[in-house]
Amino acid sequence: MGITVEVRETEGAPDGGWGWIVLLGGFVITGFSYAFPKAISVYFKELMHDFGCGYRDTAWISSIMLAMLYGSGPVSSIMVNKFGCRPVMFIGGLLASGGMISASFTTNIIQLYLTAGVITGLGLALNFQPSLIMLGTYFDKRRPLANGLAAAGSPVFLAVLSSLGQELLNRYGWRGGFLITGGLLLNCCTCAAVMRPLQRKKRTVIACSQELKEMLPPEAGQENIICENNNDKKPTKKKLLDFSVLCNRGLIIYIIAKFIVALGLFVPTILLVNYAKDQGVPDLEAAFLLSIIGFIDIFARPTCGLVAGLKWIRPKMAYFFSLALLFNGLTDVCSAKSTDYKGLVIFCVFFGLSYGMVGALQFEVLMSIVGTSSFSSALGLVLLIEAVAVLIGPPSAGYLVDKYKNYELIFYMAGGELIIAGIFLAFASFFCLNQKKHKDSQQKNHGDCGNQS
């Protein structure tokens, strides 16, 4: 009995070509997604004055925005698997823009949480994750470099948006600044337009045996295969969110480490401008501190991406990431007593370098753990768990400042969390994963010896 099998094969990653345009779009999306929740902190002093609230209350704006960016990961994964990257990113761009435009008309802090926090955060989430997926589709051998270059969008936009935000605040007030920023976020829709999916090649094979499927190459067997015979078998549907990735021990270790990281990673940048202003630093110079972090970060991310792509570094990516976490944590702890502008500038230089390393490596490590086929589901679940940590970290730091009027505590808190995460990731990777590989190797060798006998 003849069987017609239609196999749709996706082109391999081109590692160039249109991929560079996709990379540029990912650069912009990453810039808005990661830099905007921090750059918006230049408005906090004015918001505290207008709404009569404290550091903790304004810190919630950035926290909710970041929590939506992370927590909407599973929703984004489901939508991408069902509709594709481009339509989801269009919707996200409209939501991000509409949220900030609506925020410019708010009359209390709760309304700001809903508009700038929830709506804009959701819009950024629907842009960010699809852009990473498209980047992984277009790049394979050059993927560490591509991830590093795309991640450089965060420092570039942080350097620009922080200074631009302070200038807009001085000229038009926070309402005018929010309105103009909402217009800028419409550029996310432009980035969505360039996210062209790779073409699929169609190949039809006719055979006379049910064993045909076993003869197909593994890559083709994993695609959507339609078999037409007398039984009219239906094709297997792709899961919208694959929870089986949680069986991966390396992913569990990564999730625990990233949860601890998210507790403290964003705290210094969110509260840095307010800290500098409270120390008597002029507004423009205080906002420029974020620009310094951004300028250093610009060079740190692609450089780290190049180093991560070296043959002797790539297999040990988890340890390289642990080193970056330790570097960032020690920077926070050692700079806790910096009060003058010179000390803050030195802190920003080292923080920008270490923060850039973390930003360049985090998704490359995840992709090396789960592979490109499971990356969408794994990323969605990781971001969801990180969202809880992001909701805890910055508001807790703001609460400490409100209660004790001491900024040193937040640097010790954030730095300690990064150090713990780095140590945990290194030791867990060494003892758990290496022992598992050693055990599997022994079983394989034992099996080979049994076959020879």
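1. The term here means a side-chain nitrogen of Lys or Arg within 4 Å of a carboxyl oxygen of Asp or Glu. Both residues sit in helix α14 (residues 283–308), 4 residues apart, or about one turn of the helix. Aspartate 297 counts as buried at 0% relative accessibility, and arginine 301 is buried too, with a relative accessible area of 3%. (Buried is under 20% relative accessible area, exposed over 50%, partly exposed in between, with a 1.4 Å probe and protein chains only.)

2. Before you go further, please keep in mind that this is a predicted model, in which local features need pLDDT of at least 70, side-chain atom pairs count only at pLDDT 80 or more, and totals for chains, interfaces and linings use all residues. Residues are numbered from 1 along each chain as its sequence is written, and side-chain values use heavy atoms, with hydrogens and water left out.

3. The whole structure holds 5 salt bridges. One of them joins aspartate 278 to lysine 45, with 2.7 Å between the closest N and O atoms. Aspartate 278 belongs to helix α13 and lysine 45 to helix α2 (residues 44–51), so this pair ties together parts 233 residues apart in sequence. Helices are DSSP runs (H or I, at least four residues), numbered from the N terminus. Aspartate 278 is partly exposed at 34% relative accessibility, as is lysine 45 at 28%.

4. Glutamate 408 and lysine 337 also meet in a salt bridge (3.3 Å, N to O). This pair links distant parts of the chain, 71 residues apart: glutamate 408 is in helix α18 (residues 408–452), and lysine 337 is in the loop between α15 (317–334) and α16 (341–370). Glutamate 408 is partly exposed at 26% relative accessibility, whereas lysine 337 is exposed at 58%.

5. Now to helix contacts. In the packing of α13 on α17, Val267, Ile270 and Leu271 in α13 meet Gly393, Pro394, Ala397 and Gly398 in α17, contact being heavy atoms within 4.5 Å. These residues divide into 5 nonpolar, 2 polar and no charged, with Gly counted as polar.

6. Finally, a word on confidence. Mean pLDDT (the predictor's confidence in each residue, from 0 to 100) is 80 for the protein chain, and 83% of its residues reach 70 or more. Residues 204–236 have pLDDT below 50, yet this stretch has 52 contacts in the model beyond near neighbours in sequence. Where pLDDT is low, the predicted coordinates should not be read in detail.

How values were computed:
Helix = DSSP H or I, 4+ residues; strand = E, 2+ residues; numbered from the N terminus.
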